[in-house]
Structures are given as C-alpha cells and as structure tokens.
Amino acid sequence: MSEIDLAKVELNYERFREFANNRDLSERERIGFPESYRAGYEEAILTDIVSKLEFRFRKGARLLDIGCGASPMTSAILKAAKDFEISAVMNDSPEMLSLIDEDLPFEKLPGRFPEVLDQALQMHPEGYDLILCYSVLHYIVLDTSIFDFIDAICLALKPGGCALIGDIPNLSKRRRFFASEEGIAFHKAFMKTDIPPEVKHFDVQRDAIDDAVLGAVVARVHANGSDAYVVPQPRSLPMFNRRDDIVVQRRL
Ligand SMILES: C[S@@+](CC[C@H](N)C(=O)[O-])C[C@H]1O[C@@H](n2cnc3c(N)ncnc32)[C@H](O)[C@@H]1O
C-alpha cells in the first residue's frame, strides 16, 4: 500500500508514468484508484463496458483502448475481447504498457493520445470499430484540448464504429446529488457523521468537467458528423451517482 494520498494528488500522463515505475503502489493504486474504489467492482464495470460497446454484435472488430492502464480491469477487458473475438490495441505510456500481463494477445500503442493518432492509423489505416477511453477524460483536460482529443477519437473510429468515453466525473451531477435527500443520506453514512455535505453551487472549480463541458463534447461530435449521447452508469458501479459516460457512434 502506498503513502500517497490518491484523493489529493493531481494526476496527469506524466504522473501516471511515475506511478507505473513505483513498486510501492498496488495494481489499482498505480492507475490512480484507492483499492476500495475498484476492488470488487471490476466485473460490474466490465459488464457495463461490454454492454455499451455491444461486444456481442462486434465479432471480428478491432478495439482501441486509450489510457488502458495496467490493472485487473485491463486484464478483464483483454479477456472479454478475446472471448468475443475482438482484437485489441492498448494505448498508454510505455511504462504502463510494460506492466500489462502478456498472457492474452494485444498490440501496444505507446504514447500520449491524441499525439499518437497518426501511429494508431498507421497501424490500422482503416481505423477502429470500437474505442474505449475509461476513467481518462478528466486527466486529459489537464494536459490537452478536450476538443482536439474528441476530434482524434472521431478520426480514429471507422464510420459505423462506436466509442465509449466512460467514467467521467461530472461536477454538476455531483452537486445535484449531494443537494438531494439521497445524497445527504449517502454522505452521512459514508463519512460517519450527522452533518450534511456542504454544496457550493457557484464555486468556480478550474479544470472540473461539468454539464456544460459534456454538452459541448456532444455538440462537437455532432458537428463532426457522428451521434453522441450522455448516458448514466448503473447503480452497481462505485461512482454512478456522480459520474457520466458518453457514447459516440461515428456516422460519416
Ligand atoms: C485512471 S487510469 C484508467 C485506466 C483504465 N482505463 C481503467 O479504467 O482501469 C488513467 C490512465 O490513463 C492514462 N493516460 C492519461 N493521460 C493519457 C493520454 N493522454 N494518453 C494515453 N493514456 C493516458 C494513464 O497513464 C492511466 O493509466
């Protein structure tokens, strides 16, 4: 177990490279999650990903996993891809990719997305049927233009292809939840307190993703000739009450 407070540290691509080299971190901690946030939830997360990307209709497809990490979740995705006869290209830093269990087949695309878009398309010029980018977008906004990132995902997809940009913390949703009765009860039980959470609706939180950002991403995808939807997470997921997913279906 690490001595790093994962709730407080600001994570970006470079920091994750350091984490990948830190042997004191567990497999889940090195991708930024305290054990309790992921352990026991990976199967439910996988079920949701397989359903939203419709793996069962995608035999023979090629998947690009952007910011795939190297944890039990990564191995579970590779196993599901193999079971559904989907080939996988895994993208992350070279340090993170070197930690993925190589028992299952996959190709490596090392480097920061979207800088590696050209390499991704050199590897497979026809593009990708499926793209997964799970629990990554909130780190992207710290380093990269979110629109450039979304454009690159649209360009990497084949027409008819589908992307899941998942597990996005939505500040607006979080505030609505913690202002609700359900959210207040959740906070009291989780924090073991009788004091309700303080919700500051108009505090400026720089770099946070909110309804406005998600709406702008959807509008950008529409402008690129594709469909996009903000969709909820099932209750079986650990942060369903404050995170959203975006599903992109490339049309043109
Ligand atoms: C919170 S982890 C999520 C890992 C995995 N997708 C999952 O949900 O288990 C974020 C991952 O994104 C990677 N990452 C961050 N920025 C990236 C970028 N611009 N391009 C590629 N990978 C990136 C990090 O190295 C890290 O492994």
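**Exercise 1. Glu-85 and Glu-54**

Work out whether Glu-85 is buried or exposed, then look at its backbone and do likewise for Glu-54.

*Solution.* 
- Step 1: Glu-85 is exposed, because 11 other C-beta atoms lie within 10 Å. The scale runs like this: 20 or more other C-beta atoms within 10 Å of a residue's own makes it buried, 12 or fewer makes it exposed, and anything in between is partly exposed, with C-beta atoms placed from the backbone.
- Step 2: A word on what you're looking at. This is a predicted model, in which local features need pLDDT of at least 70 and side-chain atom pairs count only at pLDDT 80 or more, while totals for chains, interfaces and linings use all residues. Residues are numbered from 1 along each chain as its sequence is written.
- Step 3: Find Glu-85 in the loop between α4 (72-83) and β2. Helices (H or I, at least four residues) and strands (E, at least two) are DSSP runs, numbered from the N terminus.
- Step 4: Glu-85 isn't a glycine, yet its phi is positive, near 55 degrees.
- Step 5: Now Glu-54, which sits in the loop between α3 (42-52) and β1 (62-66). Its phi is positive too, about 50 degrees, and it is not a glycine either. With 14 C-beta neighbours inside 10 Å, Glu-54 counts as partly exposed.

**Exercise 2. The whole chain**

Describe the overall build of the protein chain, starting with its helices and strands.

*Solution.* 
- Step 1: The protein chain has eleven helices and seven strands.
- Step 2: Its radius of gyration is 18 Å, close to the 18 Å that the globule rule gives for 252 residues, so the chain is as compact as a globular protein of that length. The radius is taken over C-alpha atoms, and the rule is 2.2 Å times the number of residues to the power 0.38.
- Step 3: Along the principal axes, the C-alpha trace spans about 55 × 45 × 30 Å.
- Step 4: Of the 252 residues, 35% count as buried.
- Step 5: Take the contacts with a separation of 6 or more: 72% of them join residues 24 or more positions apart. A contact here means two C-beta atoms, placed from the backbone, within 7 Å.

**Exercise 3. The core**

Which residues have the most contacts inside the largest nonpolar core?

*Solution.* 
- Step 1: Nonpolar side chains tend to be buried together in soluble globular proteins.
- Step 2: The largest nonpolar core has 58 residues. Such a core is a set of buried Ala, Val, Leu, Ile, Met, Phe, Trp, Tyr and Cys residues joined through C-beta atoms within 7 Å.
- Step 3: Leu-63, Ile-131, Cys-133 and Ile-153 have the most contacts inside it.
- Step 4: Zoom in on Ile-131. Skip its neighbours within four places in sequence, and its contacts are Leu-64, Ile-66, Ile-153, Ala-156, Leu-157 and Ala-163.

**Exercise 4. Around the ligand**

*Solution.* 
- Step 1: The ligand is surrounded by 21 residues, and the closest are Phe-16, Gly-67, Gly-69, Met-73 and Phe-113. To be near it, a residue needs its C-beta atom, placed from the backbone, within 6 Å.
- Step 2: α1 (13-21), β2 (87-92) and α7 (137-143) each supply at least two residues of this shell.
- Step 3: In α1, Tyr-13, Phe-16, Phe-19 and Ala-20 are buried. They cover an arc of only 110 degrees around the axis, which puts them on the same side of α1. That arc is taken from the directions from the helix axis to the C-beta atoms.
- Step 4: The cover over these buried residues includes α5 (94-97) and α7.
- Step 5: Phe-113 has a backbone detail of its own: the peptide bond from it to Pro-114 is cis, with omega near 10 degrees. Pro-114 is in the loop between β3 (107-110) and α6 (117-123).

**Exercise 5. A loop residue and its partners**

Where does Leu-237 lie, and which residues is it in contact with?

*Solution.* 
- Step 1: Leu-237 is in the loop between β6 (226-232) and β7 (243-250).
- Step 2: It counts as partly exposed, with 18 C-beta neighbours inside 10 Å.
- Step 3: Glu-43 is 194 residues away along the chain, but the two C-alpha atoms are separated by 9.6 Å.
- Step 4: Leaving out neighbours within four places in sequence, Leu-237 is in contact with Tyr-41, Ala-44, Ile-45 and Asp-48.
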